[in-house]
Amino acid sequence: MAATDTSTRSGTRNLGRHVARRAEQTSFGTPFDQRPLDEIWRLYRQTPTEDLRNYLFQRFLHLVRYNAERIYARLPDEVDIEDLMSAGLFGLMAAIEAYDPDREVKFETYSATRIRGAILDELRYMDWVPRLVRHRTAKVDQTRMRMQMETGVKPSLHDIAVRLNLDPAEFEKYERDSKSVSMTSITRKCFPSDGSRDLREIDVIKDETQANPVSELQQRDLKDLITKGLSRAERLIVILYYYEGMTMKEIGATLDLSESRVSQMHSSILQRLKAQMQHRMRELEPVE
């Protein structure tokens with residue numbers, strides 16, 4: 001049932017996009033262009049023909065884009081404005097069907113509520129976080145900002161709880177809900193740049209799989225410093241134990257030595273390195 005509902009919504013959204021594009025591109029004259037709008041509405045109320053409905057739809061289509069753009073201005077970049085417009089089209093059609101000119105309310109005013117309502121319904125459907133969680137998050141954030149503006153100091157969680165008149169257990173739930181995991185697009189705009197190309201999330205995400213060349217050079221220099229002056233067997237013990245993560249037993253099998261002998265050599269190496277490093281601490285100090 002859920003899959004069917006999702007499929008239906010997807011198909012409806014695509015149909016809405018197609019209708020919006022076709023309607024915006026169409027600018028042919030109609031027999032109703034020269035007639036007063038009040039007369040058109042009376043005719044449609046008396047005889048709701050398809051031609052009259054299409055004319056009214058075309059006449060007020062700009063209201064869909066106007067309301068969609070106003071809502072879109074406050075949304076993240078990953079939201080597609082065409083999705084908002086396709087939802088707004090159904091709000092416009094519902095407004096045309098239900099509008100009563102005898103109430104002396106301008107259609108632009110009446111339809112705005114229907115169009116915005118349809119767009120907001122679509123946004124709620126697209127949002128996987130419950131409305132209650134969004135409401136609690138906004139409430140906590142608004143209170144935090146208001147208190148910071150009043151005092152000039154970032155308020156503590158206890159201060160926010162007191163201001164909201166919440167006991168610790170209930171505020172903990174508010175705070176936990178406000179930190180719920182959210183999804184975002186890696187192609188959304190991260191922050192504006194001075195150049196012609198905007199920086200997006202994908203441009204600034206750290207790649208943990210890439211090695212830091214500076215860190216690699218430092219590790220290599222440190223390894224060369226530590227193993228300098230050691231015999232081949234001693235050098236292998238240091239590298240295999242500290243850099244390869246092998247156990248004493250595994251190192252002994254590799255070098256054809258007993259585990260106790262490897263352990264004895266390891267202790268001797270550490271004592272010698274400790275003595276050497278005490279005389280070379282100045283070399284390890286960071287350069288200012």
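**Helix packing in a predicted model**

Helix 12 (residues 232-243) packs against helix 13 (residues 248-255) at an angle of about 140°, and their axes lie 10 Å apart. Here, axes are lines fitted to C-alpha atoms, for helices over the stretch in contact, and angles run from 0 to 180 degrees between N-to-C directions. Helices (H or I, at least four residues) and strands (E, at least two) are DSSP runs, numbered from the N terminus. The structure is a predicted model, in which local features need pLDDT of at least 70 and side-chain atom pairs count only at pLDDT 80 or more, while totals for chains, interfaces and linings use all residues. Residues are numbered from 1 along each chain as its sequence is written, and side-chain values use heavy atoms, with hydrogens and water left out.

Helix 12 and helix 13 are therefore oblique to each other; angles under 35 degrees count as roughly parallel, over 145 as roughly antiparallel, 65 to 115 as roughly perpendicular and the rest as oblique. The crossing of helix 12 and helix 13 is right-handed, a term used if the near helix is turned clockwise from the far one by less than a right angle, with anticlockwise giving left-handed. Ala-233, Leu-236, Ile-237, Leu-240 and Tyr-241 of helix 12 make the contact with Met-248, Ile-251, Thr-254 and Leu-255 of helix 13, where contact means heavy atoms within 4.5 Å. Eight of these residues are nonpolar, one is polar and none is charged. In this scheme Ala, Val, Leu, Ile, Met, Phe, Trp, Tyr, Cys and Pro count as nonpolar, Asp, Glu, Lys and Arg as charged, and the others, Gly among them, as polar.

Helix 12 also meets helix 14 (residues 259-278): their axes come within 10 Å and cross at roughly 95°. Helix 12 and helix 14 are therefore roughly perpendicular to each other. On the helix 12 side the contact involves Ala-233, Glu-234, Ile-237, Val-238, Tyr-241 and Tyr-242, and on the helix 14 side Val-262, Met-265, His-266, Ile-269, Leu-270 and Arg-272. This set divides into nine nonpolar, one polar and two charged residues. In the loop between helix 13 and helix 14 sits Asp-256, whose phi is near 60°, a positive value in a residue other than glycine. Asp-256 is exposed, with a relative accessible area of 71%; exposed means over 50%, buried under 20% and partly exposed in between (1.4 Å probe, protein chains only).

Glu-104 likewise is not a glycine and has a positive phi of about 60°. Glu-104 belongs to the loop between helix 5 and helix 6 (107-126), and its relative accessible area of 75% makes it exposed.

Another pair to look at is helix 3 (residues 50-59) and helix 5 (residues 81-98), which pack at about 125° with axes 10 Å apart. Helix 3 and helix 5 are therefore oblique to each other, and their crossing is right-handed. Arg-53, Leu-56 and Phe-57 of helix 3 touch Leu-89, Leu-92, Met-93, Ile-96 and Glu-97 of helix 5. Six residues of this contact are nonpolar, none is polar and two are charged.

Turning to helix 7 (residues 131-151), one of its residues is Thr-137. Thr-137 is buried, with a relative accessible area of 18%. The C-alpha atoms of Thr-137 and Tyr-174 are separated by 7.2 Å, although the two residues are 37 apart along the chain.

Overall, the chain has 15 helices and two strands, and buried residues make up 26% of its 288 residues.
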